[in-house]
Amino acid sequence: MTAQLDDTEYDGVPAVFRTDDTEHLLRRKGREMAVRVRELHDARDGGTILLFGAVADGCLVRIHSRCLYGDVLRSDDCDCGPELDHAMDMIQAEGAGVLVYLEQEGRGSGLVAKARGLAHSERTGRDTFTSYGDLGYPADCRSYEPAAAALADLGLTSVRLLTNNPEKVPALHRAGIDVTPIPLITAPRSARARAYLEAKRDRRGHWTPEFQVPPVQEPEPPRPYPAPADPGALCASAADSR
Ligand SMILES: [Zn+2]
């Protein structure tokens, strides 16, 4: 049986292109919540908006820049993964909130720029912002104006913003949104993550505390998957049994 696409038009827009019918249930950490998905179109600073539960004035909002290493690979070298996780825990605990996930890898310069910056930092010992400058990249070329405009389009006039980055606040103010910042404190999980947090605080004014405690103990490296002692022998025994 072949699924039939709904070719009905609504206000001239074919049903297949509608985005106001995306609500579904998302299960995370053993609990379900309703989520609606919207695209945020912008050539430089676009992404995706996820609306959890009943979004209203004063709700929790996380504006998160994509970090493949932290968000997906769970790298210990930055705080992106734990920040996103913590923000989602808080939204889930309240039962409502907004995640604006922006395609702004490498502070807007892309993953290759980030990788080059990391390599340069490893060679020189310089922080990530200095490395970007050495390589000719802007320290941070992200804009939060499209995200702020999208939040205003949702009808929001006040939010509790989950962030350590003060640069996000003026963009929301300019869109007519009152902001109560809520810092996301996450303990660094490696010496490099701690250095990155300190650089963001010292160079970009992020609201991160001095971490007096040592970073979380580095875990044992994963063991390599054991290879068969003699793969050829396995083939031979399989052939013998035929
Ligand atoms: Zn990151």
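How many bridges join E5 to strand E7 (residues 97-102), and do the two strands run parallel or antiparallel? In this predicted model, 6 bridges join E5 to E7, and the two strands run antiparallel. The protein chain holds 8 helices and 9 strands, and of its 242 residues 28% count as buried. Among the contacts in the chain with a separation of 6 or more, 57% are between residues 24 or more positions apart.

**The sheet**

- An open sheet is formed by 7 strands in the order E3-E4-E5-E7-E6-E8-E9, and the pairing within this sheet is mixed.
- Strand E3 (24-28) and strand E9 (178-182) stand at the edges with a single partner strand each, so one side of each has no neighbour in the sheet.
- Neighbouring strands of this sheet are turned against each other by 30° on average, direction ignored.

**Strand pairs within the sheet**

- E3 is joined to E4 by 5 bridges, with the two strands running antiparallel, and here arginine 28 has arginine 31 in E4 as its bridge partner.
- Strand E4 (residues 31-40) is joined in turn to strand E5 (residues 47-52) by 6 bridges, again in an antiparallel arrangement, and these two strands form a hairpin with 6 residues between them.
- Within this pair, leucine 40 stands opposite glycine 47 in E5.

- The largest nonpolar core has 34 residues, of which Val61, Val98, Val100, Ala147, Leu151 and Val159 touch the most other members.
- At least two residues of this core are supplied by each of E5, strand E6 (59-65), helix H2 (80-94), E7, helix H5 (145-153), strand E8 (158-162), helix H6 (168-174) and helix H7 (191-204), and the largest share, 5 residues, comes from H2.
- H2 lies across E3, E4, E5, E6, E7 and E8, and runs at about 160° to E6.
- H5 lies across E4, E5, E6, E7 and E8, and runs at about 150° to E7.
- Alanine 147 touches Leu40, Ile63, Val100 and Leu102, when residues up to four places away in sequence are not counted.

**Helix H3**

- The 14 residues of H3 should span 20 Å at 1.5 Å a residue, and this agrees with the end C-alpha atoms of the helix, which are 20 Å apart.
- Ala113, Lys114, Gly117 and Ser121 are the buried residues in H3; seen down the axis of the helix, the buried residues of H3 fall within an arc of 100°, so they line one face.
- An α-helix has 3.6 residues a turn, so residues three or four places apart point the same way.
- The buried residues of H3 pack against helix H4 (128-135), whereas the face turned away from the buried side carries the exposed residues Val112, Ala115, Ala119, Glu122 and Arg123.
- Arginine 116 lies in H3, which covers residues 111-124, and this arginine counts as partly exposed because 19 other C-beta atoms lie within 10 Å, where a buried residue would need 20 or more.
- The C-alpha atoms of arginine 116 and leucine 135 are separated by 8.1 Å, although the two residues are 19 residues apart along the chain.
- Just after H3, glycine 125 takes a positive phi of about 80°.

Technical notes: Residues are numbered from 1 along each chain as its sequence is written. This is a predicted model: local features need pLDDT of at least 70, side-chain atom pairs count only at pLDDT 80 or more; totals for chains, interfaces and linings use all residues. Two strands pair if DSSP finds at least two bridges between them. Helices (H or I, at least four residues) and strands (E, at least two) are DSSP runs, numbered from the N terminus. A nonpolar core is a set of buried Ala, Val, Leu, Ile, Met, Phe, Trp, Tyr and Cys residues joined through C-beta atoms within 7 Å. A residue is buried if 20 or more other C-beta atoms lie within 10 Å of its own, exposed if 12 or fewer, and partly exposed in between; C-beta atoms are placed from the backbone. Two residues are in contact if their C-beta atoms, placed from the backbone, lie within 7 Å. Axes are lines fitted to C-alpha atoms, for helices over the stretch in contact, and angles run from 0 to 180 degrees between N-to-C directions. The expected span of a helix is 1.5 Å times one less than its number of residues. The arc is that of the directions from the helix axis to the C-beta atoms.
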